[in-house]
Amino acid sequence: MNAADLTAWIRRAAELVAADAERLTELDAAIGDGDHGHNLARGLAAAVDVLDELPADASPQQVLTTAGRTLVSKTGGASGALYGMALRRAGKALKVDEIDARWLGAALREALAGVQDLGKAEEGDKTMVDALARAVAAFDAARHEGADLAGAARAAAAAAEEGAQATVPMQARKGRASYLGPRSVGHLDPGAASTALILRALADVTGGEG
Ligand code: ADP
Ligand code: MG
């Protein structure tokens, strides 16, 4: 996986989030303020535009840190800051031009650490962390069992989707949804749902559509 593949990941994530923007926004309307899908679609589209302007020899690190900076400034909301931090931290972890499964695993771990350093959410708080933490764990587990990058990405995408679904019975303890207390129970967390799409995008571009 190289810088062009990372750009393809962001492009695919932008496509998947745009296609599902209405659903994500409805999820956020139920337990938040109803801006998540359209905000994130706009932020990712802006990131794609900025990445298209990068020089052809841009490094993996530049691709992800640039995408992260753009998300912070163009997405808005809690998720813009959190996803922006995630991509910037992931980018900084990438110090080579050719990313193997080990490097990508390290980048995903840094993304999770960035989200948790900024947002202070743990698993079980009904946030994007519930999807991302499971994805990171599944990626590493698959890699240790001998999966290649595509296989590990596929495992991460499936785990992120499971992690998102697992937020339904949870009561939110972080973010705007936490203001609802017990009334947040029974709803899918919008940020966990978008994280599942972003991991799905990664599996798609690494050849792991299955
Ligand atoms: P808001 O409109 O409340 O500013 P967004 O709509 O952009 O936020 O994003 C909402 C999502 O952000 C939530 O569904 C949740 O997954 C995530 N989120 C909110 N706060 C946190 C936090 N402290 N840590 C991790 N994720 C969070
Ligand atoms: Mg919102």
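Is Leu6 buried or exposed, and what is its relative accessible area? Leu6 is buried, with a relative accessible area of 0%; here buried means under 20% relative accessible area, exposed over 50% and partly exposed in between, with a 1.4 Å probe and protein chains only.

Good morning, colleagues. What I present is a predicted model, in which local features need pLDDT of at least 70 and side-chain atom pairs count only at pLDDT 80 or more, while totals for chains, interfaces and linings use all residues. Residues are numbered from 1 along each chain as its sequence is written, chains are lettered from A and ligands numbered from 1 in the order in which they are written, and side-chain values use heavy atoms, with hydrogens and water left out.

Leu6 has its place in helix α1; helices are DSSP runs of H or I with at least four residues, strands are runs of E with at least two, and both are numbered from the N terminus. Leaving aside neighbours within four places in sequence, Leu6 is in contact with Met1, Pro60, Val63, Leu64 and Leu94, where contact means heavy atoms within 4.5 Å.

I turn to the nonpolar core. By this term I mean a set of buried Ala, Val, Leu, Ile, Met, Phe, Trp, Tyr and Cys residues joined through side-chain atoms within 4.5 Å. The largest such core has 63 residues, and the members that touch the most others are Ile10, Leu44, Leu64, Leu104, Phe139, Leu199 and Leu202. In soluble globular proteins, nonpolar side chains tend to be buried together. Apart from neighbours within four places in sequence, Ile10 has contacts with Leu44, Ala47, Val48, Leu51, Leu64, Ala67 and Leu87.

Next, the packing of helices. The axes of α1 (residues 3–19) and α3 (residues 36–52) come within 9 Å and cross at roughly 150°. Axes are lines fitted to C-alpha atoms, for helices over the stretch in contact, and angles run from 0 to 180 degrees between N-to-C directions. The two helices, α1 and α3, are therefore roughly antiparallel to each other; angles over 145 degrees count as such, those under 35 as roughly parallel, 65 to 115 as roughly perpendicular and the rest as oblique. α1 passes α3 in a left-handed crossing, a term used if the near helix is turned anticlockwise from the far one by less than a right angle, with right-handed used if clockwise. Among the residues making this contact are Thr7, Ile10 and Arg11 of α1, and Gly37, Leu40 and Leu44 of α3. By class, the contact of α1 with α3 has 12 nonpolar, 2 polar and 2 charged residues, counting Ala, Val, Leu, Ile, Met, Phe, Trp, Tyr, Cys and Pro as nonpolar, Asp, Glu, Lys and Arg as charged, and the others, Gly among them, as polar.

A second pair is α2 (residues 21–31) and α9 (residues 190–205), whose axes come within 8 Å and cross at roughly 160°. Hence α2 and α9 are also roughly antiparallel to each other. Arg23, Leu24, Leu27, Asp28 and Ile31 of α2 make the contact with Pro190, Ala193, Ser194 and Leu197 of α9. That contact of α2 with α9 divides into 6 nonpolar, 1 polar and 2 charged residues.

The crossing of α7 and α8 is right-handed. The contact of α7 with α8 has 13 nonpolar, 1 polar and 4 charged residues.

Finally, the loops. Leaving out residues up to four places away in sequence, Lys126 touches several residues, including Ile31, Thr167, Gln171, His187 and Asp189. Phi of Lys126 is near 65°, a positive value in a residue other than glycine.

Lys120 lies in the loop between α6 and α7 and has a positive phi of about 60° although it is not a glycine. Lys120, however, is exposed, with a relative accessible area of 56%. Arg183, found in the loop between α8 and α9, is exposed, with a relative accessible area of 63%. Thank you.
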